[in-house]
Amino acid sequence: MSEKKYVITIARGYGSGGRTIGKMLSKELGIPFYDRELFYMASEESGINLELFGKLDEKVNKGIFNPLTKKYTGKLIPPESSDFVSDENLFNYQAKIIKELAERESCIIVGRCADYVLKDRENVARVFVWAPMESCIKNVMALEPLNEKEAEREIKKIDRYRREYYRYYTGKEWDDYTNYELCLNSALLGFEKCSACIKSFVEIKLDITL
């Protein structure tokens, strides 16, 4: 087990199994896994109602915005401001937690633009997990009581939310491979081999033994 701290960020298409792969890897490596747990931590840190963080879950409120203008600045808005509970400030608090986790411990973080938030850190492995639509549909149907058409609509909807969310806060495209260092087709490899690939990549990139 390496004493050097490292972070694995996993962006994922809905139904690709990216979250499952992250949890498998967390168990194997013996390091914490963070996904929606970030809501609770950001809510506790800020004092902002947990429900507001849940509503923001990788979504952007509809409105007109310049897709090339990134909204993430990292600057927290003080409680006395009328914008204290704005979407941007909720994101900033989540980002603050992500940075603190990366400073404190080795961990796996799923979604929430973590790859971008930690873009200046060298000890981060940035991963994107995807799968063809047919495979994603099967995975979603195995977890939810949906038929094929319903599952496909759900996948497209959630991926659209994630794409808009990533673009809004980073000014970049969520599914652009150049944002990441390792892109994996989970349908081709399977979850276990994806987990093994990520582990090997971290060892190679950071020159550590896990």
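The residues lining the second largest pocket of this predicted model divide into 10 nonpolar, one polar and four charged. Here Ala, Val, Leu, Ile, Met, Phe, Trp, Tyr, Cys and Pro count as nonpolar, Asp, Glu, Lys and Arg as charged, and the others, Gly among them, as polar. The model is predicted, with local features requiring pLDDT of at least 70 and side-chain atom pairs pLDDT 80 or more, while totals for chains, interfaces and linings use all residues. Residues are numbered from 1 along each chain as its sequence is written, and side-chain values use heavy atoms, with hydrogens and water left out.

The second largest pocket has a volume of about 190 Å³. Pockets and cavities were located on a 1 Å grid over the protein atoms alone: a pocket is an open set of points with protein on both sides within 12 Å along at least five of seven lines, a cavity is a set of points where a 1.4 Å probe fits but cannot get out, and lining residues have an atom within 4 Å of a point. Grid points are joined across faces, edges and corners, and a volume is the space filled by probe spheres set on the points. Of the 15 residues that line the second largest pocket, Phe128, Trp130, Ala131, Asp159 and Trp174 lie nearest its centre. At least two lining residues each come from β4 (124-130), α6 and α7, and α7 provides the largest share, three residues. Helices (H or I, at least four residues) and strands (E, at least two) are DSSP runs, numbered from the N terminus.

The largest pocket holds about 540 Å³ of space. Its lining comprises 24 residues, and those closest to its centre are Tyr14, Gly15, Arg19, Arg36 and Arg162. By class, this lining has 11 charged, seven polar and six nonpolar residues. Helices α1 (18-29), α6 (133-143) and α7 (148-170) each supply at least two of the lining residues, and α7 gives the most, with four.

One cavity of 30 Å³ or more is found in a search of the whole structure. The largest cavity contains about 90 Å³ of space. It is lined by 16 residues, of which Ala11, Gly111, Arg112, Cys113 and Asp115 are closest to its centre. Strand β1 (7-12) contributes the largest share of this lining, four residues, and α5 (114-117) and α7 each supply at least two. The cavity lining has nine nonpolar, two polar and five charged residues.

Five strands form an open sheet with parallel pairing, in the order β2-β3-β1-β4-β5. At its edges are β2 (33-34) and β5 (182-185), each of which pairs on one side only. Two strands are taken to pair if DSSP finds at least two bridges between them; β4 and β5 pair in the parallel sense over four bridges. Phe128 stands opposite Cys183 in β5, and Phe128 is also among the residues nearest the centre of the second largest pocket.

Within helix α7 lies Ala151, which counts as buried because its relative accessibility is 0%. Buried means under 20% relative accessible area, exposed over 50%, and partly exposed in between (1.4 Å probe, protein chains only). Apart from its neighbours within four places in sequence, Ala151 contacts Ile137, Val140, Met141 and Leu146, where contact means heavy atoms within 4.5 Å. The C-alpha atoms of Ala151 and Val7 are separated by 32 Å.
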